[in-house]
Amino acid sequence: MARDVSSVDAVLRFASALRELRGRLLADLFPVADIADLLAAVRSRGELPREGVTRSGIEYTVHGAGCRLISSDGREADVDLVTDPLLGREVEAFDAWRIRWFLNEAADDGYSHEDIVAACTHLASEGHLREVAEGRWFALPDAPGGPA
C-alpha cells in the first residue's frame with residue numbers, strides 16, 4: 001500500500017509541474033493558446049523557433065508529436081498530441097514513461113511502469129486526470145479537450 005500511495009503522490013507531482021510549466025509557457029508566449037497552437041506556430045506559421053526559452057525561464061523543445069518543457073530548476077514535463085477517441089480530436093497527453101522521466105527514476109531505482117499506470121488509472125477514476133487511451137495515455141482534466 002505504501003508504494004501505491006507513493007506512486008499516486010509521484011503522479012500528482014508530475015501533474016502539478018506540468019500544469020505550472022504549461023501555464024507559464026503559454027502566458028509567456030501569448031497569444032499561443034495551447035501546445036497544438038505552439039506546434040503550429042513553429043511548424044506551419046514559422047512564428048517561433050523549434051527550441052526556445054521564454055521570459056520566465058521555461059525552455060521548450062517542439063518534437064515529433066509534442067513538446068518538452070523544462071523549468072529553470074530542471075523539472076521536465078513532456079506531452080504529445082494524441083487523438084482522444086471519445087472527443088475525436090487531439091489532446092495534450094502523457095504516458096508512464098514521461099512521468100518516470102520527470103521523476104528522474106527511469107532506471108531501476110524508481111517506480112515501475114505498472115506502478116505509474118496504476119496510479120494514473122486510479123487518479124483518472126477520481127477525476128484528477130483523464131484517461132485518453134486505456135492504460136497508455138493520460139491528460140490533465142482541464143487541458144484542451146476538457147473533461148471526458
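Tutor: Start with one cut-off: a residue counts as buried when its relative accessible area is under 20%, and as exposed when that area is over 50%, with partly exposed in between. By that rule Ile 35, Asp 37, Leu 38, Leu 39, Ala 41 and Val 42 are buried in helix α2, residues 35–43. Keep in mind that this is a predicted model.

Student: What makes Asp 34 a cap of α2?

Tutor: A side-chain oxygen of Asp 34 lies 3.2 Å from the backbone nitrogen of Ala 36, at the N-terminal end of α2.

Student: Which elements does the whole chain contain, and in what pattern?

Tutor: The protein chain has 4 helices and 7 strands. Along the sequence they follow the pattern α-α-β-β-β-β-β-α-α-β-β. Of the 148 residues, 49% are buried. The accessible surface comes to about 7400 Å², and 52% of it belongs to carbon and sulfur atoms.

Student: What share of the contacts joins residues at least 24 apart?

Tutor: Among contacts between residues at least 6 apart in sequence, 45% join residues at least 24 apart.

Student: Why is the link between Asp 78 and Arg 68 called a salt bridge?

Tutor: The term needs a side-chain nitrogen of Lys or Arg within 4 Å of a carboxyl oxygen of Asp or Glu. For Arg 68 and Asp 78 the N to O distance is 3.4 Å, so the pair qualifies. Asp 78 sits in strand β4 (residues 76–84) and Arg 68 in strand β3 (residues 66–70), 10 residues apart. In general, side chains of opposite charge can pair when their charged atoms come close.

Student: Are those two residues buried or partly exposed?

Tutor: Asp 78 has a relative accessible area of 5%, so Asp 78 is buried. Arg 68 has 23%, so Arg 68 is partly exposed.

Student: What makes Arg 98 a partner of Asp 78?

Tutor: Their side chains meet in a salt bridge at 2.9 Å, N to O. Arg 98 lies in helix α3 (residues 96–102) and Asp 78 in strand β4, so this pair ties together parts 20 residues apart in sequence. Arg 98 has a relative accessibility of 10%, so Arg 98 counts as buried.

Student: How do you know that Arg 98 and Asp 80 also form a salt bridge?

Tutor: The N to O distance between their side chains is 2.7 Å, and the limit is 4 Å, so the pair counts. Arg 98 is in helix α3 and Asp 80 in strand β4, so the pair ties together parts 18 residues apart in sequence. Salt bridges that share partners join Arg 68, Glu 76, Asp 78, Asp 80, Asp 95, Arg 98 and Arg 136 into one network. The structure holds 15 salt bridges.

Student: Why is Asp 80 called buried?

Tutor: The relative accessible area of Asp 80 is 11%, under the 20% cut-off, so Asp 80 is buried. Leaving out residues up to four places away in sequence, Asp 80 touches His 63, Ala 65, Gly 66, Val 91, Glu 92, Ala 93, Arg 98 and Trp 137. Strand β4 is mostly covered, with 7 of its 9 residues buried.

Student: How do you know that β3 and β4 pair?

Tutor: Pairing takes at least two bridges, and 5 bridges join β3 to β4, which run antiparallel. Gly 66 stands opposite Asp 80 in β4. The two strands form a hairpin with 5 residues between them, and Gly 74 in the turn has a positive phi of about 95°.

Student: What joins β4 to β5?

Tutor: β4 and strand β5 (residues 89–93) pair in the antiparallel sense over 5 bridges. Asp 84 stands opposite Arg 89 in β5. In their hairpin, 4 residues lie between the strands, and Gly 88 takes a positive phi near 70°.

Student: How many disulfides does a search of the whole structure find?

Tutor: The search finds 0 disulfides. As for individual cysteines, Cys 67 is buried at a relative accessible area of 0%, and Cys 120 is buried at 0%.

Technical notes:
Residues numbered from 1 in each chain as written. Predicted model: local features only at pLDDT ≥ 70, side-chain atom pairs only at ≥ 80, totals over all residues. Heavy atoms only, no water. Buried < 20%, exposed > 50% of the residue type's maximum accessible area, 1.4 Å probe, protein only. Contact = heavy atoms within 4.5 Å. Areas by Shrake-Rupley, 256 points an atom, 1.4 Å probe, with all protein chains shown as cover. Disulfide = S-S within 2.5 Å. Polar contact = N/O pair within 3.5 Å; in protein donor to acceptor, adjacent residues only side chain to side chain.
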